[in-house]
Amino acid sequence: MEDELFEKTPVHRAYFTLALPVVFGMVISVVYNMVDTYFIAGTGNTMLVAGVSIGAPVFTLMIALGDIFGLGGSSLVSRLFGEKRDEEGKRISAFCFYAALVLGVAVTVVMLLFQQSILTVLGADADTYQYAADYYKWIVIGAPFIILSFTPSNLLRTEGYAKASMVGTVLGSVINIILDPIFISVLGLGAAGAAIATVLGNVAADGFYLWFLLHKSRKLSVLLKDARIEWAFIPQILAIGIPASITNLMQSFGTALLNRYLLLYGSDKVAAMGIAMKVNLIAVLIMVGFAFGGQPLIGYNYGAKNNKRFKQVLRFAYLFEIGIAGVLTVVICLLAPSLIRLFMKEQQIVDMGSRMLRCQQIGMVFIAIVLVSTCTFQAAGKALGALLLSVSRQGVVFAVVLYCANRLWGCTGVLVSQAISDFLTAALAAALCVKMIKEIERQRK
């Protein structure tokens with residue numbers, strides 16, 4: 001795709017061209033996760049379900065590791081393309097491809113060596129260990145393919161190939177959905193079958209990305225001869241990639257911390273919150289898709305020093321994302337009982353889950369501000385801003401708010417703690433963003 005998309009196409013059209021495929025890919029991923037859960041639960045074996053749940057954080061870790069070279073690399077490549085340093089961008093893309101592959105192999109080796117210790121830390125006991133180990137082993141063996149897939153999917157968007165990025169994501173999810181019932185039930189592989197289906201879905205996605213990069217891409221590369229880069233570029237990749245990775249890890253941390261506090265008020269509260277968070281995840285991922293979908297546009301214009309278009313993109317991103325957040329908040333609050341009832345029909349759970357879901361919606365507009373700000377810092381290569389926001393919303397700020405709110409207001413405090421954390425993090429994001437824009441204007445006068 002020509003640079004016209006990044007330089008001349010009206011901002012709203014360019015933004016949607018890049019963002020809509022990402023949103024669609026996010027929605028397909030949510031559907032895949034729900035279908036995956038359905039087939040695993042369909043075995044009727046609670047120990048198998050528990051074993052897969054115990055191993056799930058390992059897959060989350062791999063997603064986080066994939067972001068190091070996926071988001072870190074694409075951020076740098078976008079800026080280089082904006083500066084018309086296409087050859088350097090090409091070499092960065094090849095380096096990130098092979099770096100992600102090497103990282104995946106290293107993860108496989110380390111996690112197989114320490115399998116028993118890691119599973120014990122994750123909570124596997126005598127009843128669930130074998131099921132957890134079956135899932136864990138195959139997911140870990142497939143680590144190179146899982147971690148690798150996040151690099152080309154992000155890099156393709158720097159060249160404007162958002163649809164191709166989406167195709168790879170959808171292809172992997174569809175193959176996973178098709179193979180799940182075959183491996184889990186028909187072949188009787190259980191937890192191992194679920195993991196194998198996931199790995200093969202990622203292999204298929206990687207195969208598509210490799211073909212596209214070799215035959216369709218003009219600026220990116222997967223050739224080993226192009227992977228040699230200046231050492232100075234590596235810290236720039238890691239400076240953005242590591243905070244992006246931390247963001248994913250903080251989501252798991254935040255969920256675990258919230259569940260721990262809710263347990264004080266009964267396991268039914270944890271069950272209701274689990275369902276509420278599944279529903280809320282769909283809304284959040286739509287917002288994530290729109291925010292991160294426009295990241296290459298922000299990075300390109302920042303690199304091109306096109307201040308006018310850079311600010312136009314930011315203005316549109318904030319207004320649109322806040323608008324989407326407002327609409328989703330109203331719709332979800334009105335439909336909360338019906339949405340919870342899709343997962344569980346027990347009235348007590350429906351009532352609690354509806355209340356929890358509405359509490360989460362209070363912070364949606366603030367989440368919009370945090371997401372766009374995070375994307376802006378990543379796109380512009382502003383490592384400190386990206387890091388601060390990465391460790392705040394579901395990390396340090398959330399932990400402090402959760403502790404204080406629980407002491408002050410009990411269970412109600414726990415329920416509203418995420419919304420309070422969202423507000424505080426949004427205030428931090430806004431302050432950091434205003435400071436960054438002023439610095440950019442001062443430097444480029």
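Here is a quick briefing, going from the whole chain down to single residues.

This is a predicted model, so a few ground rules apply: local features need pLDDT of at least 70, side-chain atom pairs count only at pLDDT 80 or more, and totals for chains, interfaces and linings use all residues. Residues are numbered from 1 along each chain as its sequence is written, and side-chain values use heavy atoms, with hydrogens and water left out.

**The whole chain**

- The chain has 17 helices and zero strands; helices (H or I, at least four residues) and strands (E, at least two) are DSSP runs, numbered from the N terminus.
- Its radius of gyration is 22 Å, which agrees with the value near 22 Å for a compact globule of 445 residues. That radius is taken over C-alpha atoms, and the globule rule is 2.2 Å times the number of residues to the power 0.38.
- Along the principal axes, the C-alpha atoms fill a box of roughly 60 × 50 × 35 Å.
- Among contacts with a separation of 6 or more, 82% are between residues 24 or more positions apart (contact means heavy atoms within 4.5 Å).

**Surface and charge**

- Of the 445 residues, 54% are buried. Buried means under 20% relative accessible area, exposed means over 50%, and partly exposed is in between (1.4 Å probe, protein chains only).

- The largest nonpolar core holds 127 residues, and Met 62, Ile 92 and Met 287 touch the most other members. Such a core is a set of buried Ala, Val, Leu, Ile, Met, Phe, Trp, Tyr and Cys residues joined through side-chain atoms within 4.5 Å.
- Cys 96 sits in helix H4 (residues 86-113) and counts as buried because its relative accessibility is 0%.
- Beyond its neighbours within four places, Cys 96 is in contact with Phe 69, Gly 73, Thr 151 and Ile 237.
- Cys 96 and Val 222 are 126 residues apart in sequence, yet 9.0 Å apart in space, C-alpha to C-alpha.

**Helix H12 and two loop lysines**

- Nine of the nine residues in helix H12 (residues 295-303) are buried.
- Lys 305, in the loop between H12 and helix H13 (307-341), has a positive phi near 60 degrees and counts as exposed at 54% relative accessibility.
- Lys 84, in the loop between helix H3 (46-82) and H4, has a positive phi near 65 degrees and counts as partly exposed at 48%.

**Helix H17**

- Asn 406 is in helix H17 and is buried, at 13% relative accessibility.
- Val 434 is also found in H17 (residues 396-443), but this one is partly exposed at 45%.
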